[in-house]
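Colleague: I'd like to go through this model with you and hear what stands behind each label. Can you show me the structure before we start?

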Amino acid sequence: MVQRVLLAEDDEVLRGQLIDLLTTRQFVVESFGDGAAALDFGLNQAFDLAVIDLGLPKLPGLDVVKALRSAGLDQPILILTARADWHDKVQGLEAGADDYLVKPFHIEELVARLGALSRRAGGALQTTLSLGPLSMDVKAKSVLVTGQALTLTAYEYGLLHLLLRRPGQIVSKSELSDHLYQEDLDRDSNVIEVFVGRLRRKLAAVTAELRIETHRGQGYRLIQQSAS
Ligand code: CA
């Protein structure tokens with residue numbers, strides 16, 4: 001699945017370079033030039049990794065990291081610091097960052113670090129997600145409903161995975177398409193609707209306990225209801 005990176009960097013030149021390089025490496029980049037906007041996004045939208053400069057206008061990077069962690073978000077966070085001051089790094093790591101890079105750095109180095117962080121997180125993340133009678137083995141990419149295998153296409157699986165990560169919460173169409181597709185061209189909400197419809201029928205065929213609700217203009221929500 002495509003990795004969505006939250007990038008907070010106020011240096012426009014560096015930000016542009018990071019966006020270009022990460023995009024060519026199949027990351028989807030959501031970039032912000034100040035800490036407040038980055039935090040607002042981080043608290044309200046899904047992302048897989050974050051790259052946060054410590055020296056940011058409006059809200060320091062350190063506060064962004066702290067706020068994301070105190071909100072319970074556990075995605076890997078890499079901090080960027082302009083100073084080689086050990087104090088900055090220690091503070092950043094204590095605030096909950098997973099790794100750091102001191103500027104100037106080679107952009108390739110950042111890509112390598114992000115790859116390592118996402119692999120580590122992938123290994124450390126829960127390998128089984130479940131809701132009611134459904135359980136998903138994230139490593140094996142398999143889904144069981146009341147003990148029986150549910151056969152899904154890659155897109156249906158990806159969609160279910162995103163909904164299952166936040167059961168009971170509305171996941172927006174744009175968030176789903178950002179995660180499921182790499183190309184802007186494919187971001188057609190009708191396509192998402194087709195996948196949701198297919199997934200909904202497959203679930204309905206095996207259980208009455210789980211339902212995917214459509215919230216017009218907002219998105220979709222996976223809920224568990226009593227089987228009666
Ligand atoms: Ca800065």
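This is a predicted model: local features need pLDDT of at least 70, side-chain atom pairs count only at pLDDT 80 or more; totals for chains, interfaces and linings use all residues.

Colleague: Which domains are the two parts here, and what area do they bury between them?

Modeller: The chain splits into domain 1 (3-125) and domain 2 (128-224). Between them they bury about 660 Å², with 40% of it on carbon and sulfur atoms. On the domain 1 side, Arg4, Val28 and Ala46 supply 52% of the buried area, more than any other three residues. The domain centres, over C-alpha atoms, are 28 Å apart.

Colleague: How many residues of each domain are in contact?

Modeller: 8 residues of domain 1 touch 8 residues of domain 2.

Colleague: What makes Arg165 and Asp48 a salt bridge?

Modeller: The cut-off is 4 Å between a side-chain nitrogen of Lys or Arg and a carboxyl oxygen of Asp or Glu. The closest N and O atoms of Arg165 and Asp48 are 3.8 Å apart, so the pair qualifies. The count between the two domains is 1 salt bridge. The domain 1 side that touches domain 2 divides into 2 nonpolar, 3 polar and 3 charged residues.

Colleague: And how many salt bridges does the rule give by its count?

Modeller: The count comes to 15. One of the pairs is Glu30 with Arg4, at 3.1 Å from N to O. Glu30 sits in strand E2 (residues 27-32) and Arg4 in strand E1 (residues 3-8), so this pair ties together parts 26 residues apart in sequence.

Colleague: Why does the radius of gyration agree with a compact globule?

Modeller: For 228 residues a compact globule would come out near 17 Å, and the chain has 19 Å, which agrees. Along its principal axes the C-alpha trace spans about 60 × 35 × 30 Å. The secondary structure comes to 8 helices and 11 strands.

Colleague: What is the omega of the peptide bond joining Lys103 and Pro104, and is that bond cis or trans?

Modeller: Omega is about -5°, and the bond is cis. Pro104 is in the loop between strand E5 (99-102) and helix H5 (107-124).

Colleague: And what makes the phi of Lys58 worth a look?

Modeller: Phi is near 75° there, a positive value in a residue other than glycine. Most residues other than glycine have a negative phi, and most peptide bonds are trans. Lys58 lies in the loop between strand E3 (49-53) and helix H3 (61-70).

Terms used: Residues are numbered from 1 along each chain as its sequence is written. Side-chain values use heavy atoms; hydrogens and water are left out. Domain bounds come from an automatic or database domain assignment. Contact means heavy atoms within 4.5 Å. Buried area is the accessible area (1.4 Å probe) that two parts lose on being put together, summed over both. Ala, Val, Leu, Ile, Met, Phe, Trp, Tyr, Cys and Pro count as nonpolar, Asp, Glu, Lys and Arg as charged, and the others, Gly among them, as polar. Helices (H or I, at least four residues) and strands (E, at least two) are DSSP runs, numbered from the N terminus. The radius of gyration is taken over C-alpha atoms; the globule rule is 2.2 Å times the number of residues to the power 0.38.
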